[in-house]
Amino acid sequence: MKQIRRILATGLAALLTLTTLASCGGGDETSSGGGTQSGGGAMAEQGELLVHRENPVDVKMSLPMENIRGMFYANERIYVWGTGQEQNESTLTVEDFVLTDTEAHSLSYKLPQSGDFSSVTVDADGNVYASVNLWNWDAGEGMDPELFMEEMEGEEITEEEAPAEEEAPAEEEAPAEEEAPTEEEAPAEEEAPAEDEPLSPESTMEPYGPAEPMGEGPTQKLISIDKEGNLRWEQELKSEMSSPDAWSEYLLTCTRTGTGDVLLVSGGGKIASYDMEDGAKIKDLHKFAEEYAMLNAVTLKDGSAVVYGYDNDVVRLRYDQEKGDLSASFELPQEAGVWNMQPGAAHDFYMEMNNSVYACDIGDTELEKVVSFSDSDMIFDYIRTILGMEEGVLVLYDAGAESYSGFGGGYMSMGDGSNMVLSLLTKVPAEEIADREIITLGTTWLSTPVTRGVVKFNKENTKYKIRIIDYSAYSNENNWNGDTEQLNNDIVSGNMPDMVSLQMMMPVENYYAKGVFRPLDELIASDPELSQTEFLDNILDAFRYRGNLYTVVPSFSAQCVAIRKDIADSLDSWTVKDVENLVEEGDFEWRTLFGYSFPREMLVQSVVMEAGRQFVDMENHTCNFNSDAFKQLLEFSAHFPSQEEWEKEINNMDWSAMETAYRSGKALLNNAVLNDFNYYKELRYVTFGKPIEMIGFPLGEKGAGNMIYADMQLAMSAETPHTEACWEFMRGYLLPEYQESLQYGFPVTVDALEKQAEKALKPQTYKDENGEEHIAETITMIGGEEIKIPQTTKEDTDFVMNFLKTLKDTARYDEQLLNIISEETAPYFKGQKSVEEVMEIIQNRAQMYINEQS
């Protein structure tokens, strides 16, 4: 399932995934400075401005910032721990300090053999406890990493031999799912989610490991070190805490209790207690349903220990000091997750999410927002860890992640960890906050360009300050649409924000019809700079409603279906019959027509979203589900497996064969997101290895279903009293400074797009050890074959430019409409009703629903 997430992250499933992230935003605010706001809705949750000041922590530590893996508070001191690796030796370093002192106390402990530290805690006397994996290298089954390094030292890897920075490893190099080491190799803070769970916001890649077992797997120990770095004791964990498969064992964490007499250790789906004096096991405390239950154990501010995580469902258990067991559960606010909670000093838990830091104590029913990065005009692209204290919130973040200027270009760089900064964020008193008039921007998903744009505006404007109102707090596992519902409530009650960052799941066309947003054409026409700017008219026209443009769309991507050009040129039409002929005459198979299998239900919903205007016309309140195009879609989808069949066969897919399916002629269509000139080259030269055409879905005409996906949309309230200020902010995304800074997506101005194409034509270069510049080569491996990706040509950029100018449709998401389609197509797929019967039912139900919306 881990590999499935990676492969389905593009194509049809990608669109569905994107829609689950989309929503809206809102609230109204007319106060200035740090005063209270009027109105209900989101404003009641937001409270006063939470403006903080950043104060870099100037403490002398021997541990490099980039090596810090954890941070916690104990004994009225701040502890940070991290590891270093030199050849075959791992060293644990623990630093502790107070904010009023510039010197840190440091201890280090070097493992006697190759290994890794999983988690660390301390007791009241400052003794350190750590869980350790010691690797048992077997010359017959795996190579000692020290010998491996010695061999590699004699080889010079040229730049053209190294994979491109963003390039994923070839499939055949990835471990088989059952062979990959799981949680034991990842630290608790960076733990990968369970297979059936979505990746957490902090997750950036799949777990990885050796393709084949290397020896017998790790020996797992608990060790204790005194304050001088001397080993007090070590205790090997016995088999009762391990699973039969040693590679799947992982020690999540150890923690102390308030009395300082017990370590809580988890592994193999179990929790056990251990004596802190000698490491001897005391007793088993709890066994979870899942062997690989996602668990963590921490010490709270009062010294008590808790266990939390996910074991088919959320688990929260508290260690009972008197009984010596985990019999008591505890409650947290519904919005509190299980992956990003970190213990603190002023509150039991802190969590960083939605561009803010929230806190809560056990028993609380609501989260308390304690830091707002947007209120503070701060940008933190990549936060490694936080620690909440009475003095403020300590934040360890990568300053190098902010790697581009202006608005930030629209893509979040994660940085490389080499510019880590430890800062204390302290609250600025309300009386010290500059008195500016507040305008609000509502959103449910804080994208990087929105955040950077707000910060830029606030730093440059002395009269106005934009405050982001985040509606995502209204969504939870019981109501994922809570954010949209709250925005709708605020609109109806007249409590709408001045601006809204629109998302695909919002009923935007309903908003347009009801006059919620202000048309922008007049503002653009009267703008001294924008009135002279040449835009990609087909892109802007696609977002018009009844001739009016209501949103600023700074950049876009293209969701497209690619096919080999020689096949496309041989076709006079593009219907299901054409596909059937290609399957019958070639080596294509229906289940892997797109290179991988996916359920027919997903295909129908994805195409309806991508080619939505072919079936639904919200401007004229009509639908067209009794059309030949929809019939083609249903007949096309019927060739694919059901959801139940797909779930059974997905684990048996040949992923390595899938990698070469297009080059070998086994796969026909590739559903891809085209967001820059380089990705076109990957499709053309790597995926297919031949010229391609963007043919779209077989709905009767070539190009149907190739659609525009807005990377961001901003709309202005028709009732805002701050039209001038809102437009000053929104227009910035259409000016050259932003348009030419894009790192992700295509700009909407012709000049910026042409410059982006010119930049793509310039070959990447590097300097050798003598300072001489060379053209860099990009080489990748696919199916064991080395593929050299050529330099971008004018033919490549012209293809992309011409294709982008053909786009005319946008994605639209309507959950109720998709539910109607899902319900009524089921009998057809089961052979219970004819395609004509199903089409007529869907047409009638859909038309009735659309009429209700008008």
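These legends describe close-up views of a predicted model.

**View 1. Two charged side chains pair within helix H10.** Lys565 and Asp569 form a salt bridge, with N and O 2.8 Å apart. Both residues belong to helix H10, which spans residues 565-569. They are 4 residues apart, so about one helical turn separates them. An α-helix has 3.6 residues a turn, so residues three or four places apart point the same way. Lys565 is partly exposed, at 33% relative accessibility.

View 2. Asp751 counts as partly exposed, with 42% relative accessibility. Lys755 is partly exposed too, at 38%.

**View 3. Lys788 and Glu777 join a strand to a loop.** Their salt bridge brings the closest N and O atoms to 2.7 Å. Lys788 lies in strand S42 (residues 785-789). Glu777 lies in the loop between strand S40 (773-775) and strand S41 (778-782). The pair therefore ties together parts that are 11 residues apart in sequence. Glu777 is partly exposed, at 29% relative accessibility.

**View 4. Four charged residues share one salt-bridge network.** The members are Asp527, Glu529, Glu728 and Arg731. Salt bridges with shared partners link them. Side chains of opposite charge can pair when their charged atoms come close. For the whole model, the count is 28 salt bridges.

**View 5. Negative charges gather on the surface.** The patch consists of Glu534, Asp537, Glu754 and Glu758. Look for Glu534 in the loop between helix H8 (521-525) and helix H9 (537-542). Glu534 is exposed, because its relative accessible area is 56% and the cut-off for exposed is over 50%.

**View 6. Most of helix H14 is covered.** Which residues of H14 are buried? They are Ala629, Phe630, Gln632, Leu633, Leu634, Phe636 and Ser637.

**View 7. Cys360 and Cys726 are buried cysteines.** Cys360 has a relative accessible area of 0%. The value for Cys726 is 0% as well. Both count as buried because the cut-off is under 20%. A disulfide is a covalent bond between the sulfur atoms of two cysteines. How many disulfides does a search of the whole structure find? The search finds 0.

**View 8. Gly442 sits in strand S25.** The strand covers residues 437-443. Is Gly442 buried or exposed? Gly442 is buried, with a relative accessible area of 0%. Ser501 is 59 residues away along the chain, yet the C-alpha atoms of Gly442 and Ser501 are 6.2 Å apart.

**View 9. Gln853 and His621 are set side by side for comparison in sequence and space.** Gln853 is in helix H23, residues 835-853. Gln853 is partly exposed, with a relative accessible area of 23%. Along the sequence, 232 residues separate Gln853 from His621. In space, their C-alpha atoms are 8.4 Å apart.

Technical notes:
Residues are numbered from 1 along each chain as its sequence is written. This is a predicted model: local features need pLDDT of at least 70, side-chain atom pairs count only at pLDDT 80 or more; totals for chains, interfaces and linings use all residues. Side-chain values use heavy atoms; hydrogens and water are left out. Patches are made of residues with over 30% relative accessible area and no salt bridge: like charges are joined within 9 Å, nonpolar side chains (Val, Leu, Ile, Met, Phe, Trp, Tyr) within 5 Å. Accessible areas come from the Shrake-Rupley method with a 1.4 Å probe; for residues, only the protein chains shown count as cover. Lys and Arg count as positive and Asp and Glu as negative; His and the chain ends are not counted. The place of a charge is taken as NZ of Lys, CZ of Arg, CG of Asp or CD of Glu. Buried means under 20% relative accessible area, exposed over 50%, partly exposed in between (1.4 Å probe, protein chains only). A disulfide is a pair of cysteine sulfur atoms within 2.5 Å.
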